[in-house]
Each structure stands twice: as C-alpha cells, then as structure tokens.
Amino acid sequence: MSACIRRLALSSDIIIQGHRIELGELKLNVYTVMGAHDNLQVSFNDSSASFLNQSWSVFFSSLGIQ
C-alpha cells in the first residue's frame, strides 16, 4: 500500500483495497475505497445508497457539488 494512504486518518469502517493492474507495458496501482456499511447492490440515486457510509447527497455537498 502507498505510504500516502497509510498516513491517512480513516475511521475503522472504511475499506481500502489495492489492486495491481497491467495494461500492456503500463503497470499501475489502483485503489478502491468504500464504507463497510455501503450497499453495493443499489444505484447511487436509491434513497438507501451511500458512499463511505454517508448518503451521496452529504458526500456531494462535502465536495461542493450541488
């Protein structure tokens, strides 16, 4: 895992997965992030959908997206 990611202060219910991907000559480390309580089976516009254990509207608002 990246040293930058190891230094992040994350709550215990946040999951980070690292993936090594090769695309031809290109070798990448890709990280996925999700909340332990996120329902991965619903669309983002479902009323029960969340990202990092918070509703999408709260997440978008925290980024300044309306």
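Good morning. The structure I am presenting is a predicted model, and I shall take you through it in a few stops. Please keep the sequence and the structure in view as we go.

Let me begin with the annotation. An unreviewed UniProt entry lists residues 4-66 under the heading "domain: GDP-fucose pyrophosphorylase". In the model, 16% of that span is helix and 38% is strand.

Where does D38 lie? Its place is the loop that runs between strand β2, residues 26-35, and strand β3, residues 50-51. Is D38 buried or exposed? Its relative accessibility is 11%, so D38 counts as buried; the cut-off for that word is under 20%.

What does the side chain of D38 reach? Let us take its partners one at a time, starting with S50. The two side chains, that of S50 and that of D38, form a polar contact at 2.7 Å. Next comes L52: its backbone nitrogen is 3.0 Å from a polar atom of the D38 side chain. Then there is N53, whose backbone nitrogen is reached by the side chain of D38 at 2.9 Å. If we leave out residues up to four places away in sequence, D38 touches S50, F51, L52 and N53.

S50 sits in strand β3. With a relative accessible area of 17%, S50 is also buried, because the limit is under 20%. Apart from neighbours within four places in sequence, S50 is in contact with H37, D38, N39, S55 and W56.

L52 belongs to the loop between β3 and β4, the latter being residues 54-55. N53 lies in the loop between β3 and β4 as well.

At 21% relative accessibility, W56 counts as partly exposed. Setting aside residues up to four places away in sequence, W56 touches F44, A49, S50 and F51. For a sense of distance, take W56 and Y31: they are 25 residues apart in sequence, and their C-alpha atoms are 20 Å apart in space.

I now turn to the surface. Which residues form the nonpolar patch? They are I21, L23, L26, L28 and V30, and together they have about 380 Å² of accessible area. Strand β1, residues 14-23, and strand β2 each supply at least two residues of this patch. Which strand gives the largest share? That is β2, with 3 residues.

L23 is in strand β1. Its relative accessibility is 54%, so L23 counts as exposed; that word applies over 50%. V30, by contrast, lies in strand β2 and counts as partly exposed, at 30% relative accessibility. Beyond its neighbours within four places in sequence, V30 is in contact with Q17, G18, H19 and I21. V30 and R20 are 10 residues apart in sequence, while their C-alpha atoms are 6.3 Å apart in space.

My last stop is R6, in helix α1, residues 3-6. At 56% relative accessibility, R6 counts as exposed. R6 and G18 are 12 residues apart along the chain, and 12 Å separates their C-alpha atoms.

To close, I would ask you to remember two places in this predicted model. One is the buried residue D38, whose side chain makes a polar contact with the side chain of S50 and reaches the backbone nitrogen of N53. The other is the nonpolar patch on the surface, to which β1 and β2 each supply at least two residues. Thank you for your attention.

Conventions:
Residues numbered from 1 in each chain as written. Predicted model: local features only at pLDDT ≥ 70, side-chain atom pairs only at ≥ 80, totals over all residues. Heavy atoms only, no water. Helix = DSSP H or I, 4+ residues; strand = E, 2+ residues; numbered from the N terminus. Buried < 20%, exposed > 50% of the residue type's maximum accessible area, 1.4 Å probe, protein only. Polar contact = N/O pair within 3.5 Å; in protein donor to acceptor, adjacent residues only side chain to side chain. Contact = heavy atoms within 4.5 Å. Patch = residues over 30% accessible without salt bridge, like charges linked within 9 Å, V, L, I, M, F, W, Y side chains within 5 Å. Areas by Shrake-Rupley, 256 points an atom, 1.4 Å probe, with all protein chains shown as cover. Salt bridge = Lys/Arg side-chain N within 4 Å of Asp/Glu carboxyl O. UniProt positions renumbered as here; feature names shortened; annotations may be inferred.
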